[in-house]
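This briefing covers charge pairs, ligand surroundings, the nonpolar core, surface features and backbone geometry. Please read it beside the sequence and the model shown here.

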Amino acid sequence: MFSSTFFRRLFLPYLLLICLATGVVGFCGARWLRASYLDRTEASLRNEARLVEDLISESLESGDTGKVTEQAHRIAGQVGCRVTIIDDDGTVEADSEGNPDHMDNHRQRPEMVSAATSGEGSSVRTSATIQTALFYFARRAQAGPRTYFVRLSVRLDEMNHRINLLYGAMGISVFLAMAAAGLLCFYFARKHTAPLVELTDLADALAHGQLSRRILSPEPGEMGTLARSLNSMADALGQLIAQTDNDRARLLAILSSMSEGVIATDTQQRVLLVNAAAGALLDFPIVEHNGALCEMVRSEPILRAASEVLSTCESKTFQLGPSHGHYLEVTICTFPAHAKPQGVVIVARDTTQSMRYQELRKEFVANVSHELRTPLTAIKGFAETLREGAMHDPVHGPKFLATIENHVDQLTNLVNDLLELSKLDSLPGLPRSMPVDVGAVVRRAADLLTTAVDKKSQTLNIQVINRLPAVVGNPDYLERAVANLIDNAVKYTPTGGTIQVTARSENGHVTVEVSDNGIGIPKEDLPRIFERFYRVDRSRSREMGGTGLGLSIVKHIAQAHGGAIEVSSTPGSGSSFRFKVPIPGQQVLVSHN
Ligand code: ADP
């Protein structure tokens with residue numbers, strides 16, 4: 001409690017004031033008592049001096065010194081004080097306690113000087129005769145023509161003793177009064193200080209983040225109002241901090257789930273926030289305590305751009321890379337928007353994939369243009385030759401027309417395949433999905449190719465196992481995929497070859513395997529034959545009316561059904577393609593190529 005400044009400021013001055021007041025009252029009281037005691041003594045000595053005057057005037061007038069002395073002794077014995085009779089010139093005539101012959105002249109004694117001038121005088125001093133403090137009272141008197149002085153004196157030992165006792169009693173009273181006042185003062189000071197100390201403790205605790213602290217039973221009055229206000233403030237502060245913590249946690253959760261790298265810095269380019277993606281994209285480790293931007297990010301263009309954005313307040317977007325095979329798009333802007341900047345936000349986005357898509361698109365457009373240009377050039381050339389006269393040539397005319405027809409067919413195939421691919425690319429799911437009997441699909445596809453097979457005198461064997469489970473999918477697409485595989489087998493197998501198509505169920509899916517004993521595919525080309533427009537032998541493919549898109553369509557269809565396409569081949573011996581579609585409700589292990 002004494003450690004409280006407020007308590008000390010309240011208690012100590014009051015205690016001092018009370019001590020001072022009680023001390024002053026005690027001291028003045030003692031002085032007043034002494035003075036009033038002396039007054040009473042003086043008054044009684046005055047009366048007694050008159051009495052002495054009356055009693056000894058006659059003896060004095062008659063000059064009977066012996067009687068005067070005897071009367072002085074008697075009166076002194078009766079009134080209990082020393083009686084001295086002094087002549088006008090200061091000679092002691094008679095004294096009740098000493099021999100006048102041994103006494104010096106009393107004319108200059110203070111009480112005598114006063115009595116000589118004003119008729120009466122008194123003084124307090126130590127007697128030279130009896131060596132003790134006395135109260136002297138002198139009175140001028142007349143005995144006939146003779147002027148003399150009656151002087152009475154009393155010892156002050158008694159009075160001093162009583163006054164000392166009184167001082168002692170007063171001292172004790174003052175001490176007790178001071179102690180009582182001090183205790184009262186302590187009690188009241190504490191009573192008024194305690195709530196304030198409690199309030200100070202609460203404010204201190206709140207300032208140190210102990211937001212659960214409250215004042216449980218606030219006092220009535222202003223202190224209570226203040227306590228309730230502090231309690232409400234602590235509630236509001238708690239809610240605010242919880243809200244801020246929530247917001248921050250949400251922000252960090254959002255940042256950490258972002259694929260874009262985000263770094264926020266202050267105006268001194270000290271990092272305030274950074275997410276894991278930023279560390280991964282810009283190649284720096286994420287540490288608990290962030291330092292300066294330049295210590296984390298090593299990319300000179302980013303550091304330079306951040307400084308520029310801070311000084312110009314104009315946001316910047318630029319490309320970085322390729323670095324380690326990656327492209328980045330970096331955007332730097334100040335925050336908050338439309339206000340004095342408090343720092344910059346750097347957002348880095350990995351554009352490698354989109355760059356790759358762009359490249360693929362460019363490549364695709366170039367391929368398509370090339371694929372279109374070749375038959376179109378041929379058609380144009382033959383058409384011109386026909387116009388220039390070959391039309392009437394009975395041998396070459398029909399031959400050129402047949403070639404034009406071939407190229408038109410090739411163009412039609414190409415456009416159809418392109419349309420098919422774009423349809424597969426743009427559709428989010430599988431249209432017209434239903435249970436499909438794969439055996440029927442295989443037979444329909446084989447029927448489509450019968451003419452081609454017969455043309456090349458090939459043998460087409462179809463083997464579908466009994467009770468083949470149904471798959472879920474689009475029957476038209478599945479038929480298209482199997483037909484493409486059989487078509488390729490026919491195309492790339494010489495006349496008289498054999499094509500084997502089997503449909504079976506294995507490992508949770510239905511597999512349609514199309515094998516041939518044709519030209520086969522070189523090992524190095526195997527990984528690429530499912531790419532668009534990839535052909536092992538471009539001219540042979542074209543000769544066969546191929547577009548280079550058939551296997552790409554097959555792969556798309558397999559993937560759209562949740563399945564896959566696999567190939568194995570030996571150049572000169574033949575190829576085997578396995579088209580797999582999962583059986584619904586069964587665990588499937590499919591490897592995607
Ligand atoms: P294309 O229209 O040229 O046949 P595909 O995408 O169907 O295009 O096939 C890509 C390439 O794969 C073909 O050009 C061919 O070189 C090769 N290929 C596909 N199937 C076979 C097969 N059964 N035997 C040998 N090579 C094949």
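In this predicted model, local features need pLDDT of at least 70 and side-chain atom pairs count only at pLDDT 80 or more, while totals for chains, interfaces and linings use all residues. Residues are numbered from 1 along each chain as its sequence is written, and side-chain values use heavy atoms, with hydrogens and water left out.

**Salt bridges**

- Glutamate 70 and arginine 74 join their side chains in a salt bridge, at 3.5 Å from N to O; the term denotes a side-chain nitrogen of Lys or Arg within 4 Å of a carboxyl oxygen of Asp or Glu.
- Because glutamate 70 and arginine 74 are four residues apart in helix α2 (residues 65-79), about one helical turn separates them; helices are DSSP runs of H or I with at least four residues, strands are runs of E with at least two, and both are numbered from the N terminus.
- Glutamate 70 is partly exposed at 43% relative accessible area, and arginine 74 is partly exposed at 39%; buried means under 20%, exposed over 50% and partly exposed in between, with a 1.4 Å probe and protein chains only.
- Side chains of opposite charge can pair when their charged atoms come close.
- In helix α9 (residues 352-387), lysine 380 and glutamate 384 also lie four residues apart, about one turn of the helix, and their closest N and O atoms in a salt bridge are 2.8 Å apart.
- Lysine 380 is exposed, with 52% relative accessibility, whereas glutamate 384 is partly exposed, with 30%.
- A salt bridge also joins glutamate 479 to arginine 444, with 2.7 Å between the closest N and O atoms.
- Glutamate 479 belongs to helix α13 and arginine 444 to helix α11, so this pair ties together parts that are 35 residues apart in sequence.
- Glutamate 479 is buried at 16% relative accessibility, while arginine 444 is partly exposed at 36%.
- A network of salt bridges links Arg504, Glu506, Glu513, Glu566, Arg578 and Lys580.
- The structure holds 29 salt bridges.

**Ligand surroundings**

- There are 21 residues around the ligand, of which Asn488, Ser541, Thr547, Gly548 and Leu551 come nearest; a residue counts as near if one of its heavy atoms lies within 4 Å.
- A polar side-chain atom of serine 541 is 2.6 Å from a ligand oxygen atom, and a side-chain N or O atom of asparagine 488 is 2.8 Å from an oxygen atom of the ligand.
- From the backbone, an N or O atom of valine 536 lies 3.1 Å from a ligand oxygen atom.
- The ligand taken alone exposes 530 Å², and the protein buries 98% of that; accessible areas come from the Shrake-Rupley method with a 1.4 Å probe, and for residues only the protein chains shown count as cover.

**Nonpolar core**

- The largest nonpolar core has 47 residues, and those with the most contacts inside it are Leu485, Ile486, Val512, Val514, Ile529, Phe577 and Phe579; such a core is a set of buried Ala, Val, Leu, Ile, Met, Phe, Trp, Tyr and Cys residues joined through side-chain atoms within 4.5 Å.
- Elements giving two or more residues to this core include α10 (396-426), α13 (475-491), β15 (509-516) and β17 (574-582).
- The most is given by α13, with nine residues.

**Surface patch**

- Ile172, Phe175 and Leu176 form a nonpolar surface patch, with about 350 Å² of accessible area together; patches are made of residues with over 30% relative accessible area and no salt bridge, joining like charges within 9 Å and nonpolar side chains (Val, Leu, Ile, Met, Phe, Trp, Tyr) within 5 Å.
- Leucine 176 lies in helix α4 (residues 157-207) and is exposed at 53% relative accessible area.

**Backbone geometry**

- Most residues other than glycine have a negative phi, and most peptide bonds are trans.
- The peptide bond from phenylalanine 335 to proline 336 is cis, with omega near -5°, and proline 336 sits in the loop between β9 (326-335) and β10 (343-350).
- Aspartate 283 has a positive phi near 60°; its place is the loop between α6 (276-282) and α7 (293-296), and aspartate 283 is exposed at 62%.
- Phenylalanine 533 has a positive phi near 70° and lies in the loop between β15 and α14 (538-543), where phenylalanine 533 is buried at 3% relative accessibility.

Definitions and conventions
A polar contact is a pair of N or O atoms within 3.5 Å; within protein, one must be able to donate a hydrogen and the other to accept it, and residues adjacent in sequence count only if both atoms are side-chain atoms.
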